[in-house]
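Work through the exercises below with the sequence and the model open. Try each task before you read its solution.

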Amino acid sequence: MKVTVFGIGYVGLVQAAVLAEVGHDVICIDVDENKVENLKKGIIPIFEPGLTPLVMQNYEAGRLKFSTDAKEGVNHGIMQFIAVGTPPDEDGSADLKYVTAVARTIAEHMQGHKVVIDKSTVPVGTADRVRSVMSETLKGRNASVAFDVVSNPEFLKEGAAVSDCMRPERIVVGTDNEDVVDLLRELYEPFNRNHDRMILMDIRSAELTKYAANCMLATKISFMNEISNLAELLGADIEKVRQGIGSDSRIGYSFIYPGCGYGGSCFPKDVQALIRTSEQIGYTPRILQAVEAVNDDQKLKLPAFIKRHFGDDLKGKTFALWGLAFKPNTDDMREASSRVLMETLWQAGARVQAFDPEAMDEAQRIYGSRDDLQLMGTKEAALHNADALVICTEWKNFRVPDFDVVKNALKEPVIFDGRNLYDPERVSKRGFVYYAIGRGASV
Ligand code: NAD
């Protein structure tokens with residue numbers, strides 16, 4: 001099938017590569033010339049396990065193309081994916097300017113029937129808006145061309161995006177046209193062989209499904225963080241509590257890790273966007289408001305521990321930071337806890353020596369010119385002469401460090417662990433003061 005994907009980001013690029021891999025003829029369109037030129041040279045703009053060979057092989061085989069030429073893109077595919085960003089507006093609602101820009105572009109150039117598939121996370125009612133933007137644009141051209149708008153939200157997880165797209169747990173399709181269902185079945189058939197993963201529904205339900213999924217996951221995290229705060233005050237160990245409740249199959253072990261707050265390009269903005277959607281229709285979303293508030297506070301936990309230990313004035317102090325990405329296996333730093341941590345430390349006069357296995361370029365891009373941030377080549381180098389170690393991301397290779405090396409490199413043996421990686425008893429036996437989430441400080 002001929003497929004066009006607008007937006008070469010985490011979602012667009014992975015989806016395009018996976019569709020090309022199973023034999024579809026895919027062209028990706030982006031407004032970012034640099035990104036497109038780099039892709040043509042084999043430079044992949046994001047880190048995602050397994051993505052580079054997939055993109056390269058399919059590009060070389062001619063099934064995956066990259067261009068900035070929107071007209072070429074519109075002419076190419078009967079299936080037109082919108083996979084552009086929907087960042088938060090000033091008031092937290094989803095900013096739809098990129099989505100509507102693509103809708104307009106498709107309508108400006110289309111000559112025959114197109115199926116416009118919204119993969120971006122968009123508020124309920126967006127398909128109607130896309131439809132009306134396209135109708136107006138077609139009217140302006142005096143053209144009468146049929147089109148369909150489908151909601152097909154994406155559920156991939158950064159860090160496992162390729163395997164999530166190759167083996168989706170579900171393919172949610174919101175449409176009001178039965179004929180389009182056949183086209184989508186054909187498109188996704190290679191991913192739907194083992195059993196039927198396609199969940200069909202009306203467009204508004206599909207749009208809400210994506211927000212409901214992300215908000216449910218964010219709720220689990222904030223709930224656990226709230227219990228972790230209670231555990232700390234009550235002298236309980238949240239890690240024991242986590243295991244205790246996770247063993248209940250109705251609760252399960254996933255997404256109940258306490259920590260220094262959720263980040264990334266999805267949970268914070270999607271919780272916010274659903275809050276704004278609710279408010280716009282006169283409903284007060286009390287749970288979602290609490291989920292957001294708990295998370296905002298949770299990102300301040302590590303800075304609070306640090307100030308409790310060292311005092312409010314951190315001038316002259318240097319902190320080793322392990323982990324910049326919002327979670328392991330990605331280079332994405334959007335809304336990462338590490339950013340709140342660093343910015344709070346800088347405000348208090350401290351310096352940061354940071355290491356992340358994948359997000360160093362991203363940190364350089366965001367904070368490059370600061371002289372109170374030094375990006376170090378290894379996790380050991382980040383420790384050198386620092387006053388304490390702070391951990392913001394649970395990368396695998398932070399899990400079993402050589403604690404003697406850590407101790408010798410630091411001025412003071414103190415660890416502030418935002419991801420509960422270590423056993424408090426074991427690290428304190430080795431002479432560390434260890435602050436973790438919901439476990440109290442072990443001295
Ligand atoms: P991203 O910021 O990584 O990429 C978006 C791309 O769209 C950029 O390359 C940008 O240059 C391009 N773009 C902007 N305007 C354009 C236009 N008019 N024409 C062509 N390209 C244009 O975004 P992302 O993380 O891939 O997210 C895309 C959407 O998918 C968002 O709505 C997001 O909420 C949703 N989503 C993201 C994830 C995730 O894990 N990142 C998962 C599921 C859903």
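**Exercise 1. Describe the shell of residues around the ligand.**

Solution. Start with the count: 26 residues surround the ligand. A residue is near a molecule if its C-beta atom, placed from the backbone, lies within 6 Å of it. The closest are Gly7, Gly9, Val11, Ser120 and Thr121. This is a predicted model: local features need pLDDT of at least 70, side-chain atom pairs count only at pLDDT 80 or more, and totals for chains, interfaces and linings use all residues. Residues are numbered from 1 along each chain as its sequence is written.

Next, look at the helices. α1 (10–21) and α5 (97–109) each supply at least two residues of the shell. Helices (H or I, at least four residues) and strands (E, at least two) are DSSP runs, numbered from the N terminus.

Last, sort by class. The shell holds 13 nonpolar, eight polar and five charged residues. Here Ala, Val, Leu, Ile, Met, Phe, Trp, Tyr, Cys and Pro count as nonpolar, Asp, Glu, Lys and Arg as charged, and the others, Gly among them, as polar.

**Exercise 2. Divide the chain into domains and describe how domain 1 touches domain 2.**

Solution. First, the bounds: domain 1 is 2–201, domain 2 is 211–296 and domain 3 is 299–442. They come from an automatic or database domain assignment. The C-alpha centres of domain 1 and domain 2 lie 30 Å apart.

Then the contacts. 11 residues of domain 1 are in contact with 10 residues of domain 2. Contact requires C-beta atoms, placed from the backbone, within 7 Å. On the domain 1 side, six residues are nonpolar, three polar and two charged.

**Exercise 3. Compare two residues of the annotated binding site, Lys157 and Tyr257.**

Solution. The unreviewed UniProt entry gives a "binding site" that includes Lys157, Lys210, Tyr257 and Lys327. The annotated residues span 173 residues of sequence and are also spread in space, up to 23.8 Å between C-alpha atoms.

Take Lys157. Lys157 is in the loop between β6 (147–151) and α7 (161–166). Lys157 is partly exposed, because 15 other C-beta atoms lie within 10 Å.

Take Tyr257. Tyr257 is in the loop between α10 and α11. Tyr257 is buried, because 20 other C-beta atoms lie within 10 Å. Beyond residues up to four places away in sequence, Tyr257 touches Met224 and Arg242.

**Exercise 4. Trace the nonpolar cores.**

Solution. A nonpolar core is a set of buried Ala, Val, Leu, Ile, Met, Phe, Trp, Tyr and Cys residues joined through C-beta atoms within 7 Å. The largest has 73 residues, and Val14, Ala16, Ala17, Val26, Cys28, Ile82 and Val116 touch the most other members. α1 gives the most to this core, with nine residues. Domain 1 and domain 2 each contribute at least three residues.

Zoom in on Ala16. Ala16 touches Val5, Val26, Cys28 and Leu64, not counting residues up to four places away in sequence. A second, separate core of 52 residues includes Leu321, Met333, Leu373 and Leu389.

**Exercise 5. Identify the buried residues of α14 and what covers them.**

Solution. Helix α14 spans residues 337–347, and its buried residues are Ser337, Ser338, Val340, Leu341, Met342 and Leu345. The cover includes α13 (301–310), β9 (318–322), β10 (351–355), β11 (373–375) and β12 (388–391). Just after α14, Gly349 has a positive phi of about 95°.

Note on methods: Two residues are in contact if their C-beta atoms, placed from the backbone, lie within 7 Å. A residue is buried if 20 or more other C-beta atoms lie within 10 Å of its own, exposed if 12 or fewer, and partly exposed in between; C-beta atoms are placed from the backbone. UniProt positions are given in the numbering used here, feature names are shortened, and annotations may be inferred rather than shown by experiment.
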